[in-house]
Amino acid sequence: PKQTLKARPSFLQGKKVLGFFGFIAPHKNVEAVLDSLAKLPEEYVAVIAGGERDKEYVSSLKQRADDLGISSRIHWEGFISEERMGMVFSWMDYVILPYTSVTESGALHLALGHDKVVLTSRLPAFEEIAKEYACILLFSDTLDLVKQIRSLKEHPSKEQTLHKKIDQFTLARNWKTIGQTHVSLYQRVAMR
């Protein structure tokens with residue numbers, strides 16, 4: 001469900017917010033969010049929202065943020081309840097899913113369902129969605145990610161086009177459409 005809540009906490013006011021959403025685990029490659037943030041101007045900040053499955057990994061991420069000098073630009077939100085999900089997504093300008101492996105991503109569907117511009121690593125599951133719907137941006141590495149983020153700011157029409165494609169994606173993949181597709185399929189099979 002789309003929510004247009006835009007009331008950001010004061011520390012996010014006037015900032016461009018990179019978001020990560022989902023359980024924090026090594027294969028999610030949250031380092032890419034931190035590394036890209038370090039290469040972007042001070043107006044960019046990050047919200048890392050997700051449960052901590054691997055405390056050592058999260059500690060290493062916080063240490064990396066310290067080493068990069070960007071700790072003050074990162075808000076660690078922790079696990080997000082379903083009741084707070086819409087609000088937290090509303091804080092984010094761009095959701096980044098820099099995974100090293102994935103077969104399906106609930107976080108991607110949630111982000112698109114909240115009408116967020118999503119940038120993902122180049123993996124077959126994401127490439128398939130990008131090819132079919134053109135509603136997400138793919139990146140190869142941190143430098144490519146930074147380039148794409150800068151491009152979105154410099155070319156607002158690119159972001160507007162993505163939002164139109166996101167609408168098409170969510171319409172094609174909502175429960176009502178999927179249900180109608182299944183009913184139609186069963187009717188065709190039953191008529192044979």
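**Exercises on aromatic contacts and the nonpolar core**

At 35% relative accessibility, Phe23 counts as partly exposed, a value that, like the others below, comes from a predicted model.

**Exercise 1.** Determine how Phe23 and Phe79 are arranged and which parts of the chain their pair ties together.

*Solution.* Begin with the geometry: the ring centres of Phe23 and Phe79 lie 6.3 Å apart with 35° between the planes, which makes this aromatic pair tilted. Next, place the residues: Phe23 belongs to the loop between strand E1 (16-21) and helix H1 (31-38), while Phe79 belongs to the loop between strand E3 (74-78) and helix H3 (82-91), so the pair ties together parts that are 56 residues apart in sequence. Then turn to accessibility, where Phe79, at 57%, counts as exposed because the cut-off for that class is over 50%. Finally, consider the charge: Arg53 lies over the face of Phe23, 3.9 Å from the ring centre.

**Exercise 2.** Describe the pair formed by Tyr99 and Phe126, and say whether these residues are buried or exposed.

*Solution.* The pair is tilted, with 5.8 Å from centre to centre and 45° between the planes. Since Tyr99 lies in the loop between strand E4 (94-97) and helix H4 (106-113) and Phe126 in helix H5 (residues 124-133), the pair ties together parts that are 27 residues apart in sequence. Both Tyr99 and Phe126 are buried.

**Exercise 3.** Identify the residues with the most contacts inside the largest nonpolar core.

*Solution.* This core has 60 residues, and those with the most contacts inside it are Leu18, Leu119, Phe126, Ile136 and Ile149. Strand E2 (residues 44-49) supplies the largest share, six residues.

Methods
Residues numbered from 1 in each chain as written. Predicted model: local features only at pLDDT ≥ 70, side-chain atom pairs only at ≥ 80, totals over all residues. Heavy atoms only, no water. Core = buried A, V, L, I, M, F, W, Y, C linked by side-chain atoms within 4.5 Å. Buried < 20%, exposed > 50% of the residue type's maximum accessible area, 1.4 Å probe, protein only. Helix = DSSP H or I, 4+ residues; strand = E, 2+ residues; numbered from the N terminus. Phe/Tyr/Trp six-rings, centres within 6.5 Å; stacked < 30°, edge-to-face > 60°. Lys NZ or Arg CZ within 6 Å of the ring centre and 35° of its normal.
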